[in-house]
Amino acid sequence: MQYKKIVEGIFLKRPNRFIAQVLIDGKEETVHVKNTGRCRELLIQGVKVILEDCSSNLNRKTRYSLIAVWKGDMLVNMDSQVPNQVVYEALSKNMIKEFTDLDFIKREVSYENSRFDIYFEDESTKGFIEIKGVTLENDGVAKFPDAPTERGTRHVHEMIDAVNHGYKGYVFFLIQMKGPKVFKLNWEMDKEFSEAVRLASKKGVEILAYDSVVGADYITLGKPIRIDLE
């Protein structure tokens with residue numbers, strides 16, 4: 001996934017989930033934050049950030065969107081809108097070893113009371129993929145979620161139902177950085193979601209975790225990393 005035009009800045013503060021104050025070329029700007037999660041371990045006053053210049057969109061209230069942040073020497077993409085695109089592009093290019101020779105791929109497909117991120121078909125299989133972007137990392141361990149997610153828990157339970165009705169089901173955690181060696185559920189933050197994912201794994205839902213290759217103006221699928229659901 002490629003961004004068209006980016007600039008660098010210095011993060012100052014985040015008044016609410018949707019906006020931040022960022023210093024760009026010595027001028028304080030109000031920018032859109034493309035992630036409504038907490039991201040407290042990322043958005044620390046004084047850190048360097050990457051922003052997308054969206055001035056070509058005349059309907060926007062803000063010129064810039066905050067898309068990535070430097071955590072030490074690791075660049076973390078925190079754009080919550082890109083994981084679906086990254087996985088979709090990788091599927092289209094046959095880059096994910098769990099999915100080969102797909103005949104059909106479609107984004108945003110409804111099932112019961114949920115809308116799963118991707119629906120796919122091959123010669124003998126129909127299935128769904130639910131994608132979760134991961135930005136929380138500590139000491140080489142990536143975790144999800146960074147805030148309670150009732151909607152995410154519901155999606156996982158309905159993925160179990162889809163598998164029970166003959167579909168293949170996947171929950172795909174895209175770690176939006178390169179560096180973590182293992183993915184774990186964040187039991188302390190959301191016990192219900194974590195229990196749902198572990199149950200799903202036992203009920204036949206495949207759990208995948210891949211890291212990403214992240215640059216200032218792009219993010220692409222990386223490699224699978226180890227998963228620990230306990």
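**Close-up 1. Strand β9 in the lining of the largest pocket of the predicted model.** Strand β9 supplies five residues to this lining, the largest share. The pocket itself has a volume of about 790 Å³. Of its 30 lining residues, Thr 36, Ser 80, Gly 133, Phe 144 and Arg 151 are the closest to the centre. Two or more residues are given to the lining by each of α1 (82-92), β9 (126-134), β11 and α2 (150-164). By class, the lining comprises nine nonpolar, twelve polar and nine charged residues.

**Close-up 2. The open sheet of four strands.** The strands follow the order β10-β11-β13-β16, and their pairing is mixed. Strands β10 (136-138) and β16 (226-228) form the edges, each pairing on one side only. On average, neighbouring strands of the sheet are turned by 30° against each other, direction ignored.

**Close-up 3. The pairing of strands β11 and β13.** Residues 141-144 of β11 and residues 182-185 of β13 pair in the parallel sense, over four bridges. Within this pair, Lys 143 stands opposite Lys 184 of β13. Strand β11 is also one of the elements that give two or more residues to the lining of the largest pocket.

**Close-up 4. The second largest pocket.** This pocket has a volume of about 170 Å³. Its lining consists of Lys 4, Lys 5, Lys 34, Glu 52, Asp 53, Cys 54, Ser 56, Asn 57, Arg 60 and Ser 65. Six of these residues are charged, three are polar and one is nonpolar.

Conventions: Residues numbered from 1 in each chain as written. Predicted model: local features only at pLDDT ≥ 70, side-chain atom pairs only at ≥ 80, totals over all residues. Heavy atoms only, no water. Pairing = 2+ DSSP bridges. Axes fitted to C-alpha atoms, helices over the stretch in contact; angles between N-to-C directions. 1 Å grid on protein atoms, 1.4 Å probe; cavity = no way out; pocket = protein on both sides within 12 Å on 5 of 7 lines; lining within 4 Å. Points joined across faces, edges and corners; volume = space filled by probe spheres on them. Nonpolar A, V, L, I, M, F, W, Y, C, P; charged D, E, K, R; others polar.
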